[in-house]
Amino acid sequence: MIFERIRNIREDNDLTQSQIAEFLNINQRTYSRYERGEISIAVETLCKLADYYGTSLDYLAGRTDIKTPYSSKKIK
């Protein structure tokens, strides 16, 4: 599911795989493999993508359909 979300959000933002790979400081081929679900994405990389797109990790992971990121307030 993650691979579908990262591909869709990239395409929704009219970005290329090369542009995102450059942002992540990885090879375009590696990023392409993420989008195809061939290799797992490190949590740190997902955090960078969530911050870049202004969304939550849960959205990227397919746990929610709400794109809005969570509040930065700590939950008590």
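Rings of Phe, Tyr and Trp (its six-membered ring) pair if their centres lie within 6.5 Å; planes under 30 degrees apart count as stacked, over 60 as edge-to-face and the rest as tilted. The model is predicted: local features need pLDDT of at least 70, side-chain atom pairs count only at pLDDT 80 or more, and totals for chains, interfaces and linings use all residues. Residues are numbered from 1 along each chain as its sequence is written, and side-chain values use heavy atoms, with hydrogens and water left out.

**View 1. Ring pairs link Phe23, Tyr52 and Tyr53 into a cluster.** The whole structure holds three aromatic pairs. One of them joins Tyr52 and Tyr53. This pair is edge-to-face, with 5.2 Å from centre to centre and 80 degrees between the planes. Tyr52 is partly exposed, at 37% relative accessible area. Tyr53 counts as buried, at 14% relative accessibility. Here buried means under 20% relative accessible area, exposed over 50%, and partly exposed in between (1.4 Å probe, protein chains only).

**View 2. Tyr31 and Tyr34 form an edge-to-face pair.** The ring centres are 6.2 Å apart, and the planes make 80 degrees. Both residues are buried. Both lie in helix 3, three residues apart, about one turn of the helix. Helices (H or I, at least four residues) and strands (E, at least two) are DSSP runs, numbered from the N terminus. An α-helix has 3.6 residues a turn, so residues three or four places apart point the same way.

**View 3. Helix 2 (residues 17-24) has a buried face.** Its buried residues are Gln17, Ile20, Ala21 and Leu24. Seen down the helix axis, they fall within an arc of 100 degrees, so they line one face of helix 2. The arc is taken from the directions from the helix axis to the C-beta atoms. Asn25 follows helix 2, and its phi is positive, near 60 degrees.

**View 4. Helix 2 packs against helix 3.** The angle is about 110 degrees, and the axes are 8 Å apart. That makes helix 2 roughly perpendicular to helix 3. From helix 2, the contact uses Gln17, Ser18, Ile20, Ala21 and Leu24. From helix 3, Gln28, Tyr31, Ser32 and Glu35 take part. Contact means heavy atoms within 4.5 Å. Axes are lines fitted to C-alpha atoms, for helices over the stretch in contact, and angles run from 0 to 180 degrees between N-to-C directions. Angles under 35 degrees count as roughly parallel, over 145 as roughly antiparallel, 65 to 115 as roughly perpendicular and the rest as oblique.
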